[in-house]
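Please open the model in your viewer and keep a selection panel at hand. The stops below say what to select next and what is found there.

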Amino acid sequence: MNILWLQSAGCGGCTMSLLCAENPNVFDLLNGAGLEFLWHPALSLETGSEVRALLSKVESGEIALDILCVEGSIVRGPNGTGRFHMLAGTGRSMLDWVQSLAPLAQHVVAVGTCATYGGVTSAGENPSDAVGLQYDGTHKGGALAANFRSRSGMPVVNVAGCPTHPDWVTETLLLLAAGALDHTALDGFGRPRFYADNLVHHACPKNEFYEYKASATNLSEIGCMMEHLGCVGTQAVGDCNIRGWNGEGSCTRAGYPCINCTAPEFEEPGHKFTETPKFAGIPVGLPSDMPKAWFMALASLSKAATPHRIGVNATSDRISVPPSLKKTKP
Ligand code: SF4
Ligand code: SF4
């Protein structure tokens, strides 16, 4: 299968992330699955007239398009023309190209939260009118219509994340190539469930602190970051702490709160990313599927039961109280 990859209004970080695929690297992995790039703006040698000729052949149907990947949001301004972002040398906007090519593709894949829901590019007053491919934030309908379907009958596959994990992209492409990803494998926001059925909270190394609501108060401390530092790992989808990044990392493993970058409108939480909004001292955003009354009851119980070791370590920048040794029988 071939892949045409277009980079629209984003930072290019999702391609940078893709290059971090390892064991095997992204090229060996895709080649092994019979996938090849028709063209990728950063990874292919072709440029200028060669690319224009290629796009014409795809558009005319001379080259069948298997997978269209789009990275970055689609700019619709000014006034719906998309001319704030022209595809250089073609005299046409990226909006125009995407709307023309997407119906020709067997599958359309939005790579990263800019391409899925608008992401960082659409933050603030959004003067460029940036949107995702099939979503405008949480609302269906972006550069493509809400009811858009590719030739396979699938909606846009939304590989959200800012940046998105390299394995989420390669696994999606491999599943599509194998005919093993249908609409039942996507969640309510079009994200592949193989990673979106997990929460970032799963396998976070701070889970012991979370159990007792033993909380960090500053970014350098090792306690749970939910209560004071804005972590929404209990609500954010992603297997970041199970699969790891670059072999082992994740935001919370590195001591930074999860900011829910796989979700629509994560870019504007309405408060600082590193602050937990509270009402009467209680965090406003509660863990997914947790009734408020239960959370409050459990939180106060577990705080009362916090072992000395966990309470002290939570506000330390390293383990200062080790686990006590289990007494052995004489
Ligand atoms: S989703 Fe994030 S990393 Fe990817 S292009 Fe947009 S801003 Fe960059
Ligand atoms: S830091 Fe966040 S992800 Fe980790 S245990 Fe606390 S709430 Fe969960």
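Start with the largest nonpolar core and select I3, I67, C69, V109 and L173, which, of its 35 residues, touch the most other members. A nonpolar core here is a set of buried Ala, Val, Leu, Ile, Met, Phe, Trp, Tyr and Cys residues joined through side-chain atoms within 4.5 Å, where buried means under 20% relative accessible area, exposed over 50% and partly exposed in between, with a 1.4 Å probe and protein chains only. Next colour strand 1 (2-7), helix 1, helix 2 (26-32), strand 3 (67-71), strand 7 (107-111), strand 11 (157-159) and helix 6 (166-177), each of which supplies at least two residues of this core; helices (H or I, at least four residues) and strands (E, at least two) are DSSP runs, numbered from the N terminus. Helix 6 gives the most, with 4 residues. In soluble globular proteins, nonpolar side chains tend to be buried together.

This is a predicted model, in which local features need pLDDT of at least 70 and side-chain atom pairs count only at pLDDT 80 or more, while totals for chains, interfaces and linings use all residues. Residues are numbered from 1 along each chain as its sequence is written, chains are lettered from A and ligands numbered from 1 in the order in which they are written, and side-chain values use heavy atoms, with hydrogens and water left out.

Now select ligand 1 and the residues around it, those with a heavy atom within 4 Å: G10, C11, G12, G13, C14, G112, T113, C114, G161, C162 and P163. Helix 1 (13-18) and helix 5 (113-117) are the elements that give two or more residues to this shell. By class, the shell around ligand 1 has 5 nonpolar, 6 polar and no charged residues; Ala, Val, Leu, Ile, Met, Phe, Trp, Tyr, Cys and Pro count as nonpolar, Asp, Glu, Lys and Arg as charged, and the others, Gly among them, as polar.

As a last stop, select L298, which lies in helix 10 (residues 292-304).
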